[in-house]
Amino acid sequence: MTGKKIRLALLFVLGLSLPVCSFAWNPCLSILGNYTITRNYDVVKSGVFDIQNRKVNFGFELTNKFYLHSNYFIKTGLRYNQFKTTISGQNQASALLDMPYHISWATGYESITIPIQFGKYFVTGSGHKGDFYVGLSLGILIPSS
């Protein structure tokens, strides 16, 4: 089993073990597609480089709601995301080389986080249902290929 498969298996087992501890079984598996709008301020020490983040990234989360009182809940679980940055060396000798980027490499990142959110379940007068929640995520960012 490769390291990536082991990490995904570990995520799956940990994600399933968190909801089992709750008083009520309210699991939620979400497929995450996030769009990155921030700029990457990485610095490459030598030469002129273009650094670009992949805008659309993939992830998933397995969470569970722990209802506290009435319609209030705490939502927690496990979240996994992937990110990618491409670094391209600009042509510094245009008289000798006609390609704009003769050196280019990609760096991947994976994040494993535990979201902790406090929220409220609501129903509108017309019968529409929804959740409103705020919180934070604690985790680690792992370089990958």
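Predicted model: local features only at pLDDT ≥ 70, side-chain atom pairs only at ≥ 80, totals over all residues.
Colleague: Is threonine 63 buried or exposed?

Modeller: Threonine 63 is found in strand β3, residues 56-69 (strands are DSSP runs of E, at least two residues, and helices of H or I, at least four, numbered from the N terminus). Buried means under 20% relative accessible area, exposed over 50%, and partly exposed in between, with a 1.4 Å probe and protein chains only. Because its relative accessibility is 1%, threonine 63 counts as buried.

Colleague: Which residue has its backbone oxygen 2.9 Å from a polar atom of the side chain of threonine 76?

Modeller: Threonine 76 is found in strand β4, residues 72-90, and is buried at a relative accessible area of 16%. Beyond its neighbours within four places in sequence, its contacts include Leu62, Thr63 and Pro115. The backbone oxygen at 2.9 Å from its side chain belongs to proline 115.

Colleague: Tyrosine 72 and phenylalanine 118 form a stacked aromatic pair. How many residues apart in sequence are the parts that this pair ties together?

Modeller: Rings of Phe, Tyr and Trp (its six-membered ring) pair if their centres lie within 6.5 Å; planes under 30 degrees apart count as stacked, over 60 as edge-to-face and the rest as tilted. The whole structure has four aromatic pairs, and in this one the centres are 6.0 Å apart with 10 degrees between the planes. Tyrosine 72 lies in strand β4 and phenylalanine 118 in strand β5 (residues 101-123), so the parts tied together are apart in sequence by 46 residues.

Colleague: Which residue lies over the face of tyrosine 72?

Modeller: Tyrosine 72 counts as partly exposed, at 35% relative accessibility. A charge sits over a ring if NZ of Lys or CZ of Arg is within 6 Å of the ring centre and within 35 degrees of the ring normal. Here, at 5.5 Å from the ring centre, the residue is lysine 120.

Colleague: In what order do the elements of the protein run from the N terminus on?

Modeller: The secondary structure comes to one helix and six strands. From the N terminus on, the order is α-β-β-β-β-β-β.

Methods:
Residues numbered from 1 in each chain as written. Heavy atoms only, no water. Contact = heavy atoms within 4.5 Å. Polar contact = N/O pair within 3.5 Å; in protein donor to acceptor, adjacent residues only side chain to side chain.
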